[in-house]
Amino acid sequence: MELSIHNWMRSETIETTIRRASGLGYTKLEIAGSPEHYDTNVVRKLLKEYGLTCWGSVTLMLEDRNLLAKDEAQRAKSVQYVKDVVRMVKELDGHMVSVVPGTVGKIVPDGRPEEEWQWAVDSLKEIYDYTEQSGILIGIEPINRFETYFVNRGHQALALAKAVGPNCGVCLDTFHDEY
């Protein structure tokens, strides 16, 4: 069994996280979905130095990142953000990206449920096409009802993944515990 740890909730350098994770016996890192913060050449070198590999990443759907936004420009910017995360994972020889479709903490929908569903599907299909070409998998991650109103159960994530494409999966994070 291989163990992976993420770094996105730690206020320490990526080198400190990698060194600490290696010392604790981890073999994989799930890197924060913040491609603007990392030089992938440096991170790849650190991973190799400490005997870790990149598992993947999780999108950090904060502020105006929202794949189901009513505003087309906001959706397009959010799609590009996820593609940037995918590119980062590819450059780190990673495997997959967990995608949270909507903005974490947003409680007021932009449209009717069927509209938001279609905006999410359309956005994710564009990302999916990019990931298929990149060789990186994506998985829809449902998060708990205290963080989102959109896709917070496993069966909802499965339905969304099915609507996106045959290689789109689901990432179940036990922290969210409503599956």
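Guide: The protein has five helices and six strands, where helices (H or I, at least four residues) and strands (E, at least two) are DSSP runs numbered from the N terminus. This is a predicted model, in which local features need pLDDT of at least 70 and side-chain atom pairs count only at pLDDT 80 or more, while totals for chains, interfaces and linings use all residues. Residues are numbered from 1 along each chain as its sequence is written, and side-chain values use heavy atoms, with hydrogens and water left out.

Visitor: What pattern does the protein follow when read along the sequence?

Guide: The helices and strands, five and six of them, can be read along the sequence, and the pattern that the protein follows is β-α-β-α-β-α-β-α-β-α-β.
The radius of gyration, taken over C-alpha atoms and compared with a globule rule of 2.2 Å times the number of residues to the power 0.38, is close to the 16 Å that the rule gives for 179 residues, so the protein is as compact as a globular protein of that length, with a value of 16 Å.

Visitor: What percentage of the residues of the protein count as buried?

Guide: Buried means under 20% relative accessible area, exposed means over 50%, and partly exposed lies in between, with a 1.4 Å probe and protein chains only. Of the 179 residues of the protein, the share that counts as buried is 46%.

Visitor: Which residues of helix α5 are buried, and how do they lie around the helix axis?

Guide: Helix α5 covers residues 154-164, and its buried residues are Gly154, Ala157, Leu160, Ala161 and Val164. Seen down the axis of α5, with the arc taken from the directions from the helix axis to the C-beta atoms, these buried residues line one face of the helix, because they fall within an arc of 125 degrees.

Visitor: Which exposed residues does the face of α5 turned away from its buried side carry?

Guide: An α-helix has 3.6 residues a turn, so residues three or four places apart point the same way. On the buried side of α5, the cover includes α4 (113-134), β5 (137-140) and β6 (169-170). The face turned away from that side carries the exposed residues His155, Leu158 and Lys162.

Visitor: What is the relative accessible area of valine 151?

Guide: Valine 151 lies in the loop between β5 and α5, and its phi is near 55 degrees, a positive value in a residue other than glycine. Valine 151 is buried, with a relative accessible area of 4%.

Visitor: Is aspartate 93 buried or exposed?

Guide: Aspartate 93 is found in the loop between α3 (72-91) and β4 (96-99), and its phi is near 60 degrees, a positive value in a residue other than glycine. Because its relative accessibility is 59%, aspartate 93 counts as exposed.

Visitor: Which residues does serine 34 touch?

Guide: Serine 34 is found in the loop between β2 (28-33) and α2 (40-49), and it is buried, with a relative accessible area of 8%. Not counting residues up to four places away in sequence, serine 34 touches Leu60 and Met88.

How values were computed: Contact = heavy atoms within 4.5 Å.
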